Each structure stands twice: as structure tokens, then as C-alpha cells.
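Colleague: I have not worked with this model before. Could you take me through it in short questions and answers?

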Amino acid sequence: MSTEADLRARAETAERRDAALIRVLPFALLAVSTLITLGEPLPVNRPLVLALTVAAALWLGGFVALYPRRQASRLLMGGYYAGLMVLAGVLVVMAPWYGIFAIIGWAHAFECLGGAWRYVGATLTSMIMAVTYLGGMSRIDADEWWLWLSISALGAVLSSACLYGVQQWIDRSQLQQQALSALHQANLRLEEAADENAGLHAQLLVQAREAGVHDERQRMAREIHDTLAQSLAGILTQLQAAEQSGTDPAGRPHLAKAMKLAREGLTEARRTVHAVEPELLAEALLPEAINDVARKWSQAHRVEAVLTTTGDPRPMHTEVEVTLLRAAQESLANVAKHARAGRVGITLSYMADLVTLDVRDDGVGFVPQVRAGGQARADGQARDGGFGLIGMRRRAQRLAGRVEIESEPGGGTAISVSVPAIPVGGER
């Protein structure tokens, strides 16, 4: 059981115990007073005392029936208390030992009365008890009235102070009960929030796994397009050239190139599966890797491709270099497929916060169509389904970069890829 629940249980137990004591104690005190009175050889009217005792017991029974169901009715409780004081006063006058029973007047003043009336009840009880202290009304003569008044006043002050202290204690207890109730409600809300957070956490984990799977599929698709697809396209071109040459020895270089492209494609496929950087970047810096791509592409397609590097070449984050390298490969592949260009210029620019790759050709060009969002779509250079340029753009967007395409019929094409200059070891 929690501390809060334990405190609540203790408070409820104490409240039930106090209510039972308030109901039972008057009968016990009345019985003790009656037994002592009947056992003492005092000149009392026993039949009348017994009749009043029975009346007091019945009156107390009425209180038990009313309490606590009618406790809120102050008028009803006040009438009960007035009758109790009358009975107790008469019994004390007839037999002083009934002062034991009259003690209940202090407790019932607190239970049955409210506000200033409690202190009035405490004063009445103190006046009755003073008669008991002095041995009965028969011993209070004209010379001892001041003593009875003094004892009554002292009893009233002390009992009023006790009632005030008890009220303060009960007020603090009620505040504690309210605080416990508020704490209980807060704990319930916290438990509900914890359950809700657990559900959201589980949902986020599922979404994160799905997003991870989606990202990995996209990565594999881009890598396959940028490596295997282009290698297979090159192999197909070389095999077609070899097929057209027939048995002519001139076809052998095409077969050799096809075998070389197959080996390179197989190597890149293995590196893609193991999610490592391309072999070109593993063995050289980005400018050297792009220059090597341009040189091989020029040899394969007999089109001049020249790389120019500006700024301060420096190692960058692996994803930055892979993005720019794949952009160069895709741009050159598109030039070979569609541009019918005679020259290609490649510019790699290192700036303070950006690295930019520009690929320009003097080919036939095309009319870019603008998508929603203002990005150009290169329909004339996306006859393979458009995944190359889409993959290029997604790579750049993953790094908060951008891809821009400019072209016009007969005016060539320019593709610009800009990504943040994230150094090696820097955060994406």
C-alpha cells in the first residue's frame, strides 16, 4: 500500500473510532454515575433519580439516532443539547455523582453546536460541573456563591480553550484530508499520463522503425541506381558495340570495357550492401574522385569533361562527399543519354559554409517544367523514370541542401547541387 493510501486509511479509521466513542461514551458515563449514586448512602429520591436516568438514556438514544445523519441541522442539534443540559443539571442537583455524566456536555457542545454557541455550551457544562466539585447544591450557601462562580468561570475558560484547540486540530486535519485527496487525484492523473506516454512511446518506436526501413529502402534504391544501374547501362552499351562489330577484332576493346564495368559494378554492389562509402572516396579526396569519374566518362563516351575546383578543398563529412559524387555521376549519365553534348564543364566550389557542384553541357537542352513548390522537373533528362534526379534531390535534402536545374532548347543544361560544408566529424 502506498503512503498516501495508508494515511487515508488511518484517517478514516480514526474518524470512525471517534464517532463510535461519541455515541457510546454518554451511556457509559450515565451508567457509572447511576451505580455510584445507588451505592452511596445519600439522601436522594431514588425513584425520581432512576426515572430521570431512564429519561436521559432515552434522550441519548435520540442523539444516537440523529447522529451523524442530522448533524448538519444545527437547530435540531441545539434542541437536543438544551434537553441534555437540563437533564444533567437536574441529576447533578439531586445527586452530585451525576457530574460524571455531565462531563459529556463538553464533548456534545463541540459535536452538536457551532460557532459561539459551543462556548455557551462549554460555560453551561462548567457551571454544572462546579456544583459537583463543591459537593452539591446543598453545600453552596450565600457565602460560597462566589466560589461556585469562580470555579464555573475557570472551567469555562479552560474548556473553551480546549474546544478552540480541538477545532484548530480538526481544521488542520481537514486540510490534510483535502491535500491527500488532491494528491490522490494528481497521482491518478500522473498514472493516466504515464500510460498515455507509454502508448505514445510504443507508437513512436513503431514509426521510427518504419521510418528507418523506409530510409534504408530509399538509400538502397539510390545506391543501386547510382552504381548498378549505370554500370549495367554501360555494359549494355559496350556489348551492343561489340555485337555490331561482329567478329571484327575492333570489338574486343568493347568487351574488355564491359568486363571492367561489370567488375566495378560488382564491387560497388558489395559496398552498398555493407553500407560503406564508395570505393572512389575510400581511395581519394572528393576532387580526385570526381575527376576520375569525369576522365573515365570522357573515355567511354568520347566527350570532353573538364573539372575545375575552386576554394579550399578539404575533407568533408562522408554523406556530403557521397552526395556530390553521386550527383556528378548522375549528371554525366544524363548528359550521355539525352544531351548529345560536345563538351561538359564541372565545377566543384568550396566555400565557407557550402560546397557546390555545377555540371554544365552544351547539348540540345530542354524546357524544364515547374512543379508545385517551384522546383524544376527535367522531363527531357528523366526518361528512365526520373529516379536519378529524384534521388539526387533527396540526397541533397537530407543534408538541408538543394538542387537547381536550368536549361533551354538548344542552350544546353546546367545542374547545380549545393549542400552545407559539414567537416569530417561534424554533426549533420
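Modeller: Helices (H or I, at least four residues) and strands (E, at least two) are DSSP runs, numbered from the N terminus. This is a predicted model, in which local features need pLDDT of at least 70, side-chain atom pairs count only at pLDDT 80 or more, and totals for chains, interfaces and linings use all residues. Residues are numbered from 1 along each chain as its sequence is written, and side-chain values use heavy atoms, with hydrogens and water left out.

Colleague: Which residue just after α6 takes a positive phi?

Modeller: Helix α6 covers residues 117-133. Just after α6, a positive phi of about 95° is taken by Gly135.

Colleague: How far apart are the end C-alpha atoms of α6?

Modeller: The expected span of a helix is 1.5 Å times one less than its number of residues. The 17 residues of α6 should therefore span 24 Å. The distance between the end C-alpha atoms agrees, at 24 Å.

Colleague: Which residues of α6 are buried?

Modeller: Buried means under 20% relative accessible area, exposed over 50%, and partly exposed in between (1.4 Å probe, protein chains only). In α6 the buried residues are Arg118, Gly121, Ala122, Thr125, Ser126, Ile128, Met129, Ala130 and Val131.

Colleague: Is α3 roughly parallel or roughly antiparallel to α6?

Modeller: Axes are lines fitted to C-alpha atoms, for helices over the stretch in contact, and angles run from 0 to 180 degrees between N-to-C directions. Angles under 35 degrees count as roughly parallel, over 145 as roughly antiparallel, 65 to 115 as roughly perpendicular and the rest as oblique. For α3 and α6 the axes lie 10 Å apart and the angle is about 10°. That makes α3, relative to α6, roughly parallel.

Colleague: Which residues in α3 meet α6?

Modeller: Contact means heavy atoms within 4.5 Å. On the α6 side the residues are Arg118, Gly121, Ala122, Leu124, Thr125, Ile128, Val131 and Thr132. Those in α3 are Arg74, Tyr81, Met85, Ala88, Gly89 and Val92.

Colleague: How many nonpolar residues has the contact of α3 with α6?

Modeller: Ala, Val, Leu, Ile, Met, Phe, Trp, Tyr, Cys and Pro count as nonpolar, Asp, Glu, Lys and Arg as charged, and the others, Gly among them, as polar. By class, the contact of α3 with α6 has four polar residues, two charged and, as nonpolar, eight.

Colleague: Is α3 roughly parallel or roughly antiparallel to α5?

Modeller: Helix α3 (residues 74-94) and helix α5 (residues 104-112) have axes 10 Å apart and pack at an angle of about 170°. That makes α3, relative to α5, roughly antiparallel.

Colleague: Which residues of α5 make the contact with α3?

Modeller: From α3 come Arg74, Met77, Gly78, Tyr80, Tyr81, Leu84 and Met85. From α5 come Ile104, Gly105, His108, Ala109, Glu111 and Cys112.

Colleague: What is the relative accessible area of Ala400?

Modeller: Ala400 is in the loop between α12 (387-398) and β6 (402-407), and has a positive phi of about 65° although it is not a glycine. Ala400 is exposed, with a relative accessible area of 67%.

Colleague: How many strands are there in the protein?

Modeller: Of the 428 residues in the protein, buried residues make up 37%. The secondary structure comes to twelve helices and, for strands, seven.
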